[in-house]
Amino acid sequence: MIWKSIIGKLWATIIALVTIVLLFLTVLLLQFFENNNIQQVEHQMEKIGGKAAYMLQSSGDQKAALSAVSEIANVYDSGSAVVSRDHFWLSPSGYNHLPKLDRRFFESNPILKKALSGNQIVKTQGSFPVNRDGRHVQEKMIIVGVPARTADGRGAVYVFQSLRIIQNTMDQSKKLISISAGIAIILTTFFAFFLSTRIGAPLRRMRTAAIQVAHGNFDINVPVVTRDEVGELAVAFNKMRKKLKENMTALSQEKEQLSGILENMADGVLMLDEQGNIRASNPPANRFVRSWHFENDDNPSRSVNHTPDLLIDLFEKVAKQESPQIQETGVQGRFWVIIMTPLYDRRKVRGAVAVLRDMTEERHIDELKKGFIANVSHELRTPIAMMQGYSEAIIDDIAQTDQEKKDMAQIILDESKRMGRLVNELLDLARMEAGHFQLEKKDIPLVDFFEHAVYKFSKLAKESGIALSMDTDIRKDERFELDPDRIEQVMTNLIDNAIRHTRKGGSVSVGVYHVNQQIRVSVRDTGTGISPKDLPFVFERFYKEDKARTRGKSGTGLGLSIARHIVEAHGGEISVNSKKGQGTTFLFTLPDAAGK
Ligand SMILES: Nc1ncnc2c1ncn2[C@@H]1O[C@H](COP(=O)(O)OP(=O)(O)OP(=O)(O)O)[C@@H](O)[C@H]1O
Ligand SMILES: [Mg+2]
């Protein structure tokens, strides 16, 4: 709507103002003209009356004087009447169409009467009842009466004029004034429209620009056309837009940086609002929330936006004490530490930020460290105690025969070898874990190599009553690049384990195959097997299923851990399958480095 715009309002105001002023002026002017006109006419008529009275007095020829009076009055569109004691004379109406007045008319009017009796000039104007063409009508007239001395004594000359004539002049002036006012209004309309458009156009442009800015388009510039306040407004607007753009860019960059940091953080971050609802979170935090719902909720499909009760409780504590709180919790086998800090809105807590750290690895390493020291001490203490005991026995001559002494010395030798082996294995492992571990790869005939590794155990297998066999689909002359000493170490441990954990009458079979550009080696036994709960841990150092660490059959528990390091250093993988009581299969792969 045009009336709602500034242009419309400005336009309407200017037109209304000009119209009111013009109307006022017109009314005042008309009034002034009317008054002035009537005054002039009255003055004129008075002068005519005066002249007529003088002529009647001084002229000897009454008739000629009367006709002269009538002529003069006629010139001024007026009629005249002379009233004396015996006579009444009225000028002919002529082309002025003046009404026919009679003697009674003048004598009955209280004001006009005064000119006859009171020797006084009278003036009156108004509506008078007259006889026009035999009909009684009201006629607006100005009448001036002047006392005169006529031939038959005192009398009066009356000059009268119809107001219609004045009205006609007035109408002319009115028409003129109205036309001028109309022209003025039309001109004003154009001028006002032009003015308001000139003021309004830049404002309209600014409005469009402001709407654009509100919609996030900061590239729009308002042209500065004028040097007035509107121009200054445009300059200010452009400055504001530029500053806003800079701030918004900085803000969005900061937001991007922050979200980038959050997204790529290893720690989980959650932001809670006043009600404890999750307002922002990153992937690790989502993982935590999902796991928590899975473990603790009847409804495991709850979305990651649903705050876990645990965090709500912690948030209530944070809000109450207005200080950071720390809580540790275990979810789905992982260990989390949650640190929640309050966020303030001036003095009020408006939410909280929770940092969730997955400390499972650290916990595990801590436990491993503790376990490692305990294990090493335990593994060393036993041989040392034995060596100590048997050495004392020899010194104290407890052994009676030479054979007994030899046996004791043999035990001491075995235990020291065992200690040496343990220390060597530990050193190996330490080197491997530290990364100071170099493979010495050689191109070797594959089948010969594995046959030799198996053959080493044939004597032990026979003694234990176990059938040891090897199967392969590889050609006899095929060669392969690997570190023979290290792979032999792996094979030795796997076959040794298999024989040690298989009862008499069982079997251990080794398979070496070429599958998908890989050498796949399996060691299968029909032994005791490993229970499912121990299965995931057999590759950890010092891990032994036999928790009592009974001597004899049991080794140090480092073999598989070393084997895994060696296989992985070759770029392969080692895995295990087992069923308690039915047997175990260890399988490792070696990628074909030459791509054969
Ligand atoms: N073939 C198997 N059958 C049953 N259990 C096995 C088998 N191989 C390994 N294990 C279990 O896994 C554990 C770890 O084996 P690993 O080779 O690492 O240590 P170890 O043989 O006890 O000692 P080391 O090899 O250092 O002399 C063993 O103690 C055993 O309990
Ligand atoms: Mg072993």
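# Reading the helices, sheet and ligand shell

Author: Among what covers the buried residues of α9 is α10 (402–434). The model is a predicted one.

Reader: Which residues of α9 are called buried?

Author: They are Asn 375, Glu 379, Pro 383 and Tyr 390. The label requires 20 or more other C-beta atoms within 10 Å of a residue's own. Residues three or four places apart in an α-helix point the same way, because a turn takes 3.6 residues.

Reader: How do you know that the span of helix α9 agrees with its number of residues?

Author: Helix α9 covers residues 360–395, which is 36 residues. Just after α9, Asp 397 has a positive phi of about 55 degrees.

Reader: What makes Leu 314 buried or exposed?

Author: Leu 314 has 22 other C-beta atoms within 10 Å. The cut-off for buried is 20 or more, so Leu 314 is buried. Leu 314 belongs to helix α8 (residues 309–321). With neighbours within four places in sequence set aside, its contacts are Gln 325, Gln 327, Ile 338 and Met 340. Gln 120 is 194 residues from Leu 314 along the chain, and their C-alpha atoms are separated by 116 Å.

Reader: Why is His 452 called partly exposed?

Author: The count for His 452 is 13 other C-beta atoms within 10 Å. Exposed would need 12 or fewer and buried 20 or more; the count lies in between, so His 452 is partly exposed. His 452 sits in helix α11 (residues 446–455). From His 452 to Ile 574 there are 122 residues in sequence and 21 Å in space, C-alpha to C-alpha.

Reader: What makes β2 (88–90) and β3 (122–132) edge strands?

Author: The open sheet has five strands in the order β2-β1-β5-β4-β3, with antiparallel pairing. Both β2 and β3 pair on one side only, and that makes them the edge strands. On average, neighbouring strands of this sheet are turned by 30 degrees against each other, direction ignored.

Reader: How do you know that strand β1 (residues 79–83) pairs with β2?

Author: Pairing requires at least two bridges. Three bridges join β1 to β2, so the two strands pair, and they run antiparallel. Ala 81 is placed opposite Leu 90 in β2. Helix α1 (residues 6–58) packs on the sheet, where it touches β1, β3, β4 (135–150) and β5 (153–162). The direction of α1 makes about 45 degrees with that of β4. Helix α2 (residues 62–75) lies across β1, β2 and β5, at about 150 degrees to β1.

Reader: How many bridges join strand β9 (residues 334–345) to β10?

Author: Ten bridges join them, and the strands run antiparallel. Tyr 344 has Val 349 in β10 as its bridge partner. The hairpin of β9 and β10 has two residues between the strands, and in it Arg 346 takes a positive phi near 55 degrees. Strand β10 (residues 348–358) is also joined by six bridges to strand β6 (residues 268–273), again antiparallel. There, Asp 273 is partnered with Gly 351.

Reader: Which residues come nearest to ligand 1?

Author: Of the 22 residues around ligand 1, those are Asn 497, Glu 545, Gly 555, Gly 559 and Leu 560. Two or more shell residues each come from α13 (484–500) and α14 (559–569). The shell holds six nonpolar, twelve polar and four charged residues.

Methods
Residues numbered from 1 in each chain as written. Chains lettered and ligands numbered in written order. Predicted model: local features only at pLDDT ≥ 70, side-chain atom pairs only at ≥ 80, totals over all residues. Near = placed C-beta within 6 Å. Helix = DSSP H or I, 4+ residues; strand = E, 2+ residues; numbered from the N terminus. Nonpolar A, V, L, I, M, F, W, Y, C, P; charged D, E, K, R; others polar. Expected span 1.5 Å × (residues − 1). Contact = placed C-beta atoms within 7 Å. Axes fitted to C-alpha atoms, helices over the stretch in contact; angles between N-to-C directions.
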